[in-house]
Amino acid sequence: GQPLAALPLTDKSALMADFAAFNTRGISAEDARAIIAAGLMQGDLIAGASTGTSGNRGLYLATRAESHRWLGAILAHALPDMIASPQRVALILPQSAGIYGAARGRWLRLQHFDLTEGPAAWRARIEAFAPTVLVAPPKILRHLAEADFRLSPARVFSAAETLDPNDRAPIEARFGAPLRQIYMATEGLLAVSCPHGTLHLCEDSLHFEFAPMGDLVTPRITAFRRQTQIMARYAMNDLLRLGTCSCGLPFQAVAEVAGRADDIFHLRGQPVTPDILRNAVLMAHPGITDFRLIQTDARTVTLTLPPGQPGAQDALTAVTALLHRFDPDTRVLLTTSPLPLDTTRKLRRVERVWKA
């Protein structure tokens, strides 16, 4: 009986502190983890967990009916022509999600490939499956492209990680298809790319409010259709750059998912967002395709590049010049180290480990 704006803001820490209070079944976080360990389902209830970007895995609950609606929303946005053109979908994620259990039938075959096992473990299996649709984190899509997996999907979707601009070109060049995105979390399906390649928020499923963060925003979401888990004015940790699109969809366009709010660097109390930091490195030299930039304390930042990286000094100079605009006493340390594919955690090229 209150206006939405009168409800308190919530976030992941509040949800996880008293998980049972945020669902209508009174299921505790421990109970939800037990359901996951036992096979994701208990009666008509499905439990799932995030892949743990921040080291603190989020949990979600849904009924079978809600999971069907969630899956239907994904298919409606990503594969609207599924009935006219049957699809084989390869989903490369750390664990199979209960919501995909209904993804079967004459028009759709879905196969999960465990990201944590590494691509070598399932290369033969995914090549034999010959997916028409490929969904994976951008680091995996890039690996599949560079390792020349024998795959020819008609549609390729980046999911589960921030898509950095330097990853798009090699993926699109290898697969010969525009790279689209599925922006989804334990909080729900948030956005899907239209055929023009622009992300559009799923405002047919969720209500969005925006909190400004410089020229970016952080979304607050309310899910009116969810009946098991309460998701009301829930503050996300992601940073979005809103945009426009000429495709005709009525939903808000997102120009970029710029990173995470807890990876904003803080220098003398001034925020420097991940997109600005990432661009400083990548624009310093065209030969730079991978790096790590980490704030380790109030005035120390470490830039790691692969051994023998062309333009390493250019990147060091560019990052130093950027950060000195905020704090002239900031030290930027350049290190070299191999940057192999890591399937045990999400890729965060820009990260703040220091707690401001």
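**Figure 1. Overall fold of the chain.** The secondary structure comprises eight helices and 22 strands. Helices (H or I, at least four residues) and strands (E, at least two) are DSSP runs, numbered from the N terminus. This is a predicted model, in which local features need pLDDT of at least 70, side-chain atom pairs count only at pLDDT 80 or more, and totals for chains, interfaces and linings use all residues. Residues are numbered from 1 along each chain as its sequence is written, and side-chain values use heavy atoms, with hydrogens and water left out. Along the principal axes, the C-alpha atoms occupy a box of roughly 55 × 50 × 45 Å. The radius of gyration is 21 Å, which agrees with the value near 21 Å for a compact globule of 356 residues. That radius is taken over C-alpha atoms, and the globule rule is 2.2 Å times the number of residues to the power 0.38.

Figure 2. Of the 356 residues, 52% are buried. Buried means under 20% relative accessible area, exposed over 50%, and partly exposed in between (1.4 Å probe, protein chains only). The accessible surface comes to about 15,900 Å², and carbon and sulfur atoms hold 54% of it. Areas come from the Shrake-Rupley method with a 1.4 Å probe; for residues, only the protein chains shown count as cover. Among contacts with a separation of 6 or more, 55% join residues 24 or more positions apart. Contact means heavy atoms within 4.5 Å.

**Figure 3. Helix α5 and its cover.** Helix α5 spans residues 138-146. Seven of its nine residues are buried, so α5 is largely enclosed by the rest of the structure. The buried residues are P138, K139, I140, L141, R142, L144 and A145. Their cover includes the strands β4 (87-93), β7 (133-136), β8 (155-159) and β9 (179-185), along with the helices α4 (119-129) and α6 (165-175). After α5 comes D148, with a positive phi near 55 degrees.

**Figure 4. The second largest pocket.** Its volume is about 390 Å³. Of its 20 lining residues, D290, R292, L339, P340 and L347 are the closest to the centre. A pocket is an open set of points on a 1 Å grid over the protein atoms alone, with protein on both sides within 12 Å along at least five of seven lines; a cavity is a set where a 1.4 Å probe fits but cannot get out; lining residues have an atom within 4 Å of a point. Grid points are joined across faces, edges and corners, and a volume is the space filled by probe spheres set on the points. Helix α5 gives the most to this lining, five residues. Strand β19 (292-297) supplies at least two. The lining holds 12 charged, six nonpolar and two polar residues. Ala, Val, Leu, Ile, Met, Phe, Trp, Tyr, Cys and Pro count as nonpolar, Asp, Glu, Lys and Arg as charged, and the others, Gly among them, as polar.

**Figure 5. The largest cavity.** The count is one cavity of 30 Å³ or more. The largest cavity has a volume of about 240 Å³. It has 14 lining residues, with E66, R69, W70, S205 and R226 nearest its centre. β3 (59-63), α3 (64-78) and β10 (188-193) each give two or more residues to this lining. The largest share, four residues, is from α3. By class, the lining has seven nonpolar, five charged and two polar residues.

**Figure 6. T218 in its strand.** T218 sits in β13 (residues 216-222). Its relative accessibility is 10%, so T218 counts as buried. Leaving out residues up to four places away in sequence, T218 touches E209, F210, A211, M213, M236, D238 and L239.
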